[in-house]
Structure formats: structure tokens, C-alpha cells
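Here is a short walk through one structure.

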Amino acid sequence: MIGDIRNIVILTGAGVSAESGLATFRGPDGLWEGHRVEDVCTSEALARDVELVHRFYDERRAKLIEVTPNAAHEALAALDRAWGGELLIVTQNVDDLHERAGAKRLIHMHGELKSALCAACGKAVAWPGPLPPASVCDGCSRPSLRPDIVFFGEMPYEMERIDAALRDADLFVSIGTSGAVYPAAGFVQTARHVGARTLELNLDPSAGSFYFEESRMGPASKLVPDLVQELLG
Ligand code: APR
């Protein structure tokens, strides 16, 4: 699997943060921290019940203080530091555990808990604490700040950069994601199309498991350090 690889794209999902104590999106009950995803992760939900949506992300943001990066985040950060070729970590996670572990070549394609987005002018601003509805944007002075989360139906961030990296990739690795949400679920197909090797690391086979050349099943805290060791040889 590993020989002759220079350019790597790594996709991570909620499974990479599970062992840090953050709930995955699709729990056994199908709920995300007790809520239906459509009640907290759509622009319709935000329009219908702004208090609930802001409170939900305030709670998720506050929870970040209680958790720390695990061995999977640490190993990916070590790979980022040591890897001489191109490397891009694309996370669907809105937590900050990759960057707290030290990863630099990182894209948060679904937004970030510790950021607020102005619905009026599009300016994003670092936001470490609670975000009351109608908070004022310092760019356009309108009371339009919302959580900087890519809701269902919205375009994920940096898709052009991600697509370019996938097209140059020799290896695509998907870690801890159920493969239920596009466009991220389709990255493996782009990678295969350009002839990259494809590897999945997950607790259970994902929805698109059959697209991967190789699947390794187990906890990210074990599988990711092992892979990084293999890559750094
Ligand atoms: N190690 C590896 N994988 C794990 C672990 C672990 N310790 N624990 C759970 N997993 C796996 C699960 O088996 C599951 O396949 O992580 C996956 C998590 O899947 P989801 O909860 O669906 O999360 P994710 O794929 O990141 O969700 C994608 O959906 O709601 C949206 O925008 C949200 O970014 C999110 C997107």
C-alpha cells in the first residue's frame, strides 16, 4: 500500500474525535446529542428556532474545553510535520482537536465551532464563547452573526482546493466517517479516478466501504498511529 507515495489527502470524520469524548453525529439512536440533525443543522431550523440552534452550538463549543486531542489527532499532526510531499487533512469535524494537536495543513470543510459567520456580509470571525442570537458583525454592523457551521444544503468550504489536492493525490485515506454525507462521501471516487490508492480506517465499514482498495477496521487511536508509522517508515 505505502511505496512510492508523495501526495496524500486525508479525510476525517466524527470517529476521529470519538475517543476524545465527543459524540459522533449518527449515534445508535440516529440522533446528534439528542437532536435530529434537521432540527439543528439546516437554515430552516435556524429560521424556525434561532434560540435552540445557537444554544446547541454554544453547548458543543463549551464542551471543547473538556476534551483533548487523542492519539489519532497527535499522529496526524506528526505526519503533517514530517511529511515532505503534499499533504492535506480535510476534516468534516467542527471541533478544534486537529489544530490543537498541531496540524497545519488542514481544512475545516463543514465550518468551525469557534468561528461565527455573518449571514449578511459573509465575514467570519473567531468566536471562542457563547454566541447570542442577533450578535453584531464587526464588518457590516448588522445583527447577523450565526454559528459558522455548514448546514445541510449549503456549500462546504474550499471545495476547489480539496478537489485539486484529490486530483494530485497518490493516496487518499478516510478516517472515522460513515460516508453518509456528500460531497465528502464522494472523495474516494475522485481519488480512484485519478489512480490514487484508497484506504479506509473506521470502526465499522462505512456506506462506501466497497469503493476503497483497502479497509482496516478498529479504533482510530490505534489504526492512525500505525498508519503514520508505516508512512514515515
Ligand atoms: N475510531 C474510528 N472510527 C470510529 C470510532 C473510533 N473510535 N468511533 C466511531 N467511529 C466511526 C463510526 O463507525 C462511524 O462510521 O465514525 C463514523 C462516524 O460517522 P458519523 O457519526 O456519521 O460522522 P461523520 O461521518 O463525520 O458525519 C459527516 O454529517 O451531520 C453531518 O456535517 C455533519 O460532518 C458531519 C457529517
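Pro183 lies in the loop that runs between strand S7 (171–175) and helix H8 (187–193). This is a predicted model, and in it the peptide bond that joins Tyr182 and Pro183 is cis. Its omega is about 10°. Most peptide bonds are trans.

Find strand S5 (124–126) and strand S6 (145–149); Ala134 lies in the loop between them. Its phi is positive, near 70°, in a residue other than glycine. Most residues other than glycine have a negative phi.

Now turn to the open spaces. The largest pocket has a volume of about 790 Å³. It is lined by 40 residues. Closest to its centre are Ala14, Phe25, Arg26, Thr177 and Ser178. Two elements give two or more residues to this lining: helix H1 (15–18) and strand S8 (197–202). By type, the pocket lining divides into 22 nonpolar, 14 polar and 4 charged residues.

Where does the ligand sit? The ligand sits in the largest pocket. Around the ligand are 21 residues. The closest of these are Ala14, Arg26, Thr177, Ser178 and Asp204. The shell around the ligand holds 8 nonpolar, 10 polar and 3 charged residues.

Start with Ser178: a polar atom of its side chain lies 2.6 Å from an oxygen atom of the ligand. Glu19 also uses its side chain, where an N or O atom is 2.8 Å from a nitrogen atom of the ligand. How much of the ligand does the protein cover? On its own, the ligand has 730 Å² of accessible area, and the protein covers 92% of it.

One more space remains to be found. The structure holds 1 cavity of 30 Å³ or more. About 180 Å³ of space lies in this largest cavity. Its lining is made of 14 residues. Leu22, Ala23, Trp32, Val94 and Asp95 are the closest to its centre. Which types of residue form the lining of the largest cavity? It divides into 8 nonpolar, 2 polar and 4 charged residues.

To finish, go back to the ligand in the largest pocket. Look for Ser178 at 2.6 Å from an oxygen atom of the ligand. Then look for the cis bond between Tyr182 and Pro183.

How values were computed:
Residues numbered from 1 in each chain as written. Predicted model: local features only at pLDDT ≥ 70, side-chain atom pairs only at ≥ 80, totals over all residues. Heavy atoms only, no water. Near = heavy atom within 4 Å. Polar contact = N/O pair within 3.5 Å; in protein donor to acceptor, adjacent residues only side chain to side chain. Areas by Shrake-Rupley, 256 points an atom, 1.4 Å probe, with all protein chains shown as cover. 1 Å grid on protein atoms, 1.4 Å probe; cavity = no way out; pocket = protein on both sides within 12 Å on 5 of 7 lines; lining within 4 Å. Sits in = over half its atoms within 2 Å of the grid points. Nonpolar A, V, L, I, M, F, W, Y, C, P; charged D, E, K, R; others polar. Points joined across faces, edges and corners; volume = space filled by probe spheres on them. Helix = DSSP H or I, 4+ residues; strand = E, 2+ residues; numbered from the N terminus.
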